[in-house]
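Subject: A structure to look through

Dear colleague,

I am handing over the structure below, and after it I have written out what I found. Please keep it open beside this message while you read.

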Amino acid sequence: MTEALLTMPPEGTPILVRAGKRISSLARRATAVATAAALLVGSWPVHAQQGGPPLLRDAETEQLLRDYTRPILRAAGLEKQNIQVVIINDSTFNAFVADGRRIFVNYGALRESETPNQIIGVLAHETGHLAGGHLAKLREQVSRAQTQLIIAMLLGLGAAVAGARAGAGNAGAAAVAAPQAAIMRTMLSYQRQQEENADKAGVKFLNATGQSARGMYETFKRFSEQSLYAAAGADPYNMSHPMPAERVRALAELARSSPYWDKKDDPALQLRHDMMRAKVSGFMERPDTVLRRYPPSNDSLPARYARAIAAYRHGDLRNAMTQIDALIRVQPNNPYFYELKGQAYLEGGKPNEAIAPLRKAVQLSNNAPLIEMLLGQAFVASENKAYTEEAIRMLRSALVREPEAALGYTQLAMAYGRKGDYAEADLASAQAAFLRGDQKTARDLASRAKTRFAIGTPGWVKADDIVNTKPIKN
Ligand SMILES: [Zn+2]
């Protein structure tokens, strides 16, 4: 799991390309960001870990979530929409859609869902919102904003928010001036009728894919009961999805009528789910919490995974390596064990040792771009010039598939710097700054890059593109 500030690729294409349309597309994007920021600023409760990045990226978890959502999206007729599941760095339970292209889910929801079926039920319900178009018109504008900026807005963080606040235009200013509760109601909570429709659609998608709606019902029932005791609006999931008792009763009836009510998750899928929850715990929770959930007496693979991760995060590297190697002996073709080994070496200050396990992880994962970026990072950190060309090639290839990954551009800039190619290094640094929302630094670096490229070359055009991007507050 990389804890870097990375974001999902929203469109599957590099952002800073296409000379012909470049200015208008970036200007549109900036405008959409400003509108979205203005609408959403301050409207979302802040639960994010202090100082942590707003999003979590992890190849293993994202692959599992893709496997969970793919059949549901197909049943909903949305398989061509390239809908992404984005994991938010927040320990509370929540999931929501804020635009037509992304399902947001807190890591707390992943950790709290005991079975694949429970979280699949939540994802099916969210897909119901997507399929039903339960999104205010204005919310559609959010869909053009970069994921990272949306999250920054949702959490009330970031320069984008400050910029939009300073220069918010008409509709935005009105929304900012409105009470937070009203913004929440209009932007991020769905109407009761929409909730019932999303439930019905969710159950339909589950039935169509031969899955039980029991997990969905269990989750919603739990929240409905909790809401009786919690202060109004205290729970983010109840706030975004109001759950009156009659809604849960209707869902119970609907879910129980399904021929798949008693169907259990496939054991192999349950194991992947348990491994994912163990990983989330190992990375995100305090070591004593990890050991309470996964005491040494628990010899299961997930428990050993969680303890191995906690050992590398909080203990000594040698002890962690012993545990990781033992995991690899159990599943010698699991790419994520090699990824963990490489990451532990890399973060333990041994980048040269990280390279072999990360190569193996890349190979076993069919070139997962996030793992390629980690390997690129190890190449760069090794300070061995023999790896420079391979690092550049690998990072560029990964960035084509993950065009919003700021960390990939940062590593690419370092690789170019090593090579002495300062034009490309400045451009990559500018792209990283742009993706982080630091437009001033992005423009400064891009201006410098322009002086280093020959006029009209692809690098010059990309740099020019960044220089000409209008600041958000305009
Ligand atoms: Zn809902």
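E383 is found in the loop between α20 and α21, where helices (H or I, at least four residues) and strands (E, at least two) are DSSP runs, numbered from the N terminus. E383 is exposed, with 12 other C-beta atoms within 10 Å; a residue is called buried if 20 or more other C-beta atoms lie within 10 Å of its own, exposed if 12 or fewer, and partly exposed in between, with the C-beta atoms placed from the backbone. Its phi is near 55°, a positive value in a residue other than glycine. Most residues other than glycine have a negative phi.

Before going further, please bear in mind that this is a predicted model, in which local features need pLDDT of at least 70 and side-chain atom pairs count only at pLDDT 80 or more, while totals for chains, interfaces and linings use all residues. Residues are numbered from 1 along each chain as its sequence is written.

The pLDDT, which is the predictor's confidence in each residue, from 0 to 100, averages 80 over the chain, and 73% of the residues score at least 70. Confidence is lowest in helix α8 (residues 170-177), with a mean of 34, and highest in helix α19 (residues 351-364), with 98. Please read two stretches with care: pLDDT stays under 50 over residues 2-51, and again over residues 156-186.

As for the whole chain, it holds 25 helices and four strands, and 53% of its 474 residues count as buried. Two residues are in contact if their C-beta atoms, placed from the backbone, lie within 7 Å; of the contacts with a separation of 6 or more, 67% are between residues 24 or more positions apart.

Helix α21 (residues 388-401) has 14 residues and reaches 20 Å from its first C-alpha to its last, close to the expected 20 Å, a span calculated as 1.5 Å times one less than the number of residues. Its buried residues, among them T388, I392 and L399, pack against α20 (369-381) and α22 (406-419).

The four strands form an open sheet in the order β1-β2-β4-β3, with mixed pairing, and two strands are said to pair if DSSP finds at least two bridges between them. Because β1 (55-56) and β3 (95-97) stand at the edges with a single partner strand each, one side of each is left without a neighbour in the sheet. Helix α4 (residues 116-131) packs on the sheet, touching β3 and β4, and its direction makes about 15° with that of β3; here axes are lines fitted to C-alpha atoms, for helices over the stretch in contact, and angles run from 0 to 180 degrees between N-to-C directions.

Strand β2 (residues 84-88) runs parallel to β4 (residues 102-106), joined to it by five bridges, and V85 stands opposite I103 in β4, as I88 does opposite N106. β1 and β2 run antiparallel and are joined by two bridges, with I87 in β2 as the bridge partner of L56. Four of the five residues of β2 are buried, so this strand is largely enclosed by the rest of the structure.

In the loop between α2 (59-75) and β2 lies N82, which has a positive phi of about 55° although it is not a glycine. N82 counts as partly exposed, because it has 13 C-beta neighbours inside 10 Å.

With kind regards
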